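Grab a pencil and have a go at these exercises. Try each task yourself before you read its worked solution.

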Amino acid sequence: MSETFIDPSPANFNAFKDLPRDEPIHMLNLLLYRDEAQYPEGHEHAGKGWSGRRAYHEYGKTSGPIFRRVGGTIVWRGTFQTMVTGPDSMRWDDGFVAQYPNSAAFFEMIKDPDYQLAVVNRTAALVDSRLIRFKPSEGGEGF
């Protein structure tokens, strides 16, 4: 893996901000955890020897109340098993789809001061990730 991503690039974040803000959104999250979380020096969890998965659990615990307050829910969650289509070297540990009532709710969450403290756990936890916005549509039997 030559390129990794933890935070959005300015160009990608601007493209996200330019999309409609008044419709429901689904955010596909793909996560690859560090073997050992990497907290900034002096952080309360630095030196605890937590795994990336453990640090991400802490992120969920500390950001979850904010996520729920803005109307977020998890509509799907799964654990990676194998790559079917794509590079053999690419793998993910976990994935999930978060639903927000609209992107304004997502912006409210990420601007919350408590969320900004919590996101340190996410950064410490991950070696790579993807966050992809989708407009929800009807499910069913067909493609």
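**Exercise 1. Find Gly139 and decide whether this residue is buried or exposed.**

Step 1: Go to the segment after β4, which is where Gly139 sits. Helices (H or I, at least four residues) and strands (E, at least two) are DSSP runs, numbered from the N terminus.

Step 2: Check the cut-offs: buried is under 20% relative accessible area, exposed is over 50%, and partly exposed is in between (1.4 Å probe, protein chains only). Gly139 has 71% relative accessibility, so this residue counts as exposed.

Step 3: Now look across to Gly49. The two glycines, Gly139 and Gly49, are 90 residues apart in sequence, and their C-alpha atoms are 42 Å apart in space.

A quick word on the ground rules: residues are numbered from 1 along each chain as its sequence is written, and side-chain values use heavy atoms, leaving out hydrogens and water. The model is predicted, with pLDDT of at least 70 needed for local features and 80 or more for side-chain atom pairs, while totals for chains, interfaces and linings use all residues.

**Exercise 2. Work out the strand order of the sheet.**

Step 1: Pair up the strands, remembering that two strands pair if DSSP finds at least two bridges between them. β2 and β3 run antiparallel and are joined by six bridges, with Gly78 opposite Gly95 in β3.

Step 2: Move on to β1 (residues 25-33). This strand pairs in the antiparallel sense with β3 (residues 94-100) over seven bridges, where His26 has Gln99 as its bridge partner. β1 also pairs in the antiparallel sense with β4 (residues 126-134), over eight bridges; here Tyr33 is partnered by Leu126.

**Exercise 3. Sort the side chains of β1 by the way they point.**

Step 3: Check the cover. Nine of the nine residues in β1 are buried.

**Exercise 4. Describe how α3 crosses α4.**

Step 1: Get the geometry. Axes are lines fitted to C-alpha atoms, for helices over the stretch in contact, and angles run from 0 to 180 degrees between N-to-C directions. The axes of α3 and α4 (residues 113-125) come within 5 Å and cross at roughly 75 degrees.

Step 2: Name the angle. Under 35 degrees is roughly parallel, over 145 roughly antiparallel, 65 to 115 roughly perpendicular, and the rest oblique. That makes α3 roughly perpendicular to α4.

Step 3: List who meets whom, taking contact as heavy atoms within 4.5 Å. Met109, Ile110 and Lys111 in α3 meet Pro113, Tyr115 and Gln116 in α4.
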